[in-house]
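Here are a few notes to read with the structure open beside you. Take them one at a time and find each spot as you go.

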Amino acid sequence: MAFRRPAAIIFAAGLVVIAAGTAGLLLTRHSTPAMRPVAAGLEALPAPTGPIVAPPQSAGPRPVAAPVSLTIPLIGVSTKLIRLGLASDGSLQVPPITDTAVAGWYTGSPRPGAIGSAIIVGHIDTVHGPAVFDRLSELRKGDQVYVRRADGTLVKFLVTAVQQYLKNQFPTQAVYGPTPDAELRLITCGGVFDTATGHYLSNIVVYAAQAS
Amino acid sequence: MRFPRITRTIRRITMLLAAAALLLGVPAAAAAHASSATPGTGWIRLAHLSPNTPAVDVYLYSFGNSDAQIVLHHVAYGTVSPYEAVTAGDYSVAMRAAGASASSQPVLSTSVTIGADHAYTVAGMGPEKGLRLQVMDDDLTTPPGKALVRVIQASLKQQTVKVTCGGKTIVPKASFASVSSYLTVPAGTWTMAAIGSSGTATQSVTLAAGTVHTLVVLDGSNGLEMISLEDAAGAGKPPLGGAATGFGGTAPHGPGSPLPWAALIGAGSLLALTGGLRLRRRGLRRQLPAEV
């Protein structure tokens, strides 16, 4: 009988492990759908108040004040704008993971309201839930976007297009290249999330032009 | 081949899936290369650059339309309008004497095809006796870290001018009513000078990286003048690629990988098998001691 005990223990242990494995397998068969906000429009914000500036002229363009905040009433976005540069690998710097509720303006791009394409970047989500640009892809042509500047003036933009690009096919010229009018590009992630790398495979870009 | 029919079916299904993936992949790839502005929008601006021509009214018609889409009234010499965003397509530009009826015969007209994401300048150029409408294709790309500059020479008094940027000649000989090609200059704040035989105009111009400029040389009331237009601007230092702006918290998650659990079940089975076999062996030995 004494020789049977280790064998019995091994056998019992095997059964326990099989049970644990089966339980785990069965419990992880469910899928989690995308976490999308339920009531679109209910969280809409009022449009910000203040003097709305006219679009810039090409003759002797005056320098414009730096951007300080961004409001997108339809999707409930109201955030200060931090300043972003380039990461060490030359790609866009992004807001820190400790502050995913803010968006940032790329200082290497024109200021919002000056001639050219101003770049604003924000996270779509954190590890656990939505972040500042969670609902960016809901925007449609004609929706309003406001940027408040350091001198208190407001720049009003209207969305002209919403596009999604694979990051490995990113159209650099279209997004960052020169434009003759005052434009905005709002950039966040989208498309398929690659759990192996922890990154989204695509970027969503919202194009907007200053409203006269 | 033990189950030929099943194997054939599997092969057929695989080919169907491959074909479907290809058909879906092509439009998906095309969509990924969509243009920047609203699909099908370009820009146009209108200018009066003929020194001895009086002010004009400028009309822009989209092809086939008798009602003007844009009308600029009383455009005098030296005026360059701001860019207007218009749907890409065919247009015509007409100039009439300032205040003339919109239905009167235009003094000048020309057609222009506006391509999506392209910009154009349509200017009345030349002396009044030889007035013409010139359509210019405006460049909207810049080499990284640099600026683009071109010169429109619209001075009749200085038949030819030399244009310098920070003392360095960029256009050695610009004749009246000419448009130079675009020149790449280093980013910076430069003194631009237009030097004619009997007059000079200078201006300090900031040429930021990623910008496109047009310098227009004009006969001013006080001699030679130069206006500097910033045609377009983009990121002076374009970032590489897109932005890493997501951590997956709102992404859909499929069922977890079954592999670790399968491995666990496998390990448990091995353990149980080992233990069970040993139990059986010991049990057999005890049952058949004579065989040992």
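Predicted model: local features only at pLDDT ≥ 70, side-chain atom pairs only at ≥ 80, totals over all residues.

**Notes on a cavity and a histidine**

1. With a cut-off of 30 Å³ or more, the count comes to one cavity.

2. So how do you find a gap like that? Rolling a probe the size of a water molecule over the atoms shows where empty space is left.

3. Which residues line the largest cavity? Look in chain B for Arg45(B), Ala47(B), Leu49(B), Val80(B), Thr121(B), Ile152(B), Thr214(B), Val216(B) and Leu229(B). Two elements of chain B each give two or more residues to this lining: strand S1 (41-49) and strand S17 (211-220). S1(B) has the largest share, with three residues.

4. What's the lining like by class? You'll count six nonpolar residues, two polar ones and one charged one around the largest cavity.

5. Now hop over to chain A and find His123(A), which sits in the loop between strand S4 (116-121) and strand S5 (144-149). Is His123(A) buried or exposed? His123(A) is buried, because its relative accessible area is 0%, and buried means under 20%.

6. Next, check what His123(A) touches. Its side chain reaches the backbone oxygen of Pro95(A) at 2.7 Å. Setting aside neighbours within four places in sequence, His123(A) is also in contact with residues of chain A including Val94(A), Thr100(A), Phe133(A), Asp134(A) and Thr188(A). From chain B, the contacts of His123(A) include Ala244(B), Thr245(B), Gly246(B) and Phe247(B).

Key:
Residues numbered from 1 in each chain as written. Chains lettered and ligands numbered in written order. Heavy atoms only, no water. Helix = DSSP H or I, 4+ residues; strand = E, 2+ residues; numbered from the N terminus. Buried < 20%, exposed > 50% of the residue type's maximum accessible area, 1.4 Å probe, protein only. Polar contact = N/O pair within 3.5 Å; in protein donor to acceptor, adjacent residues only side chain to side chain. Contact = heavy atoms within 4.5 Å. 1 Å grid on protein atoms, 1.4 Å probe; cavity = no way out; pocket = protein on both sides within 12 Å on 5 of 7 lines; lining within 4 Å. Points joined across faces, edges and corners; volume = space filled by probe spheres on them. Nonpolar A, V, L, I, M, F, W, Y, C, P; charged D, E, K, R; others polar.
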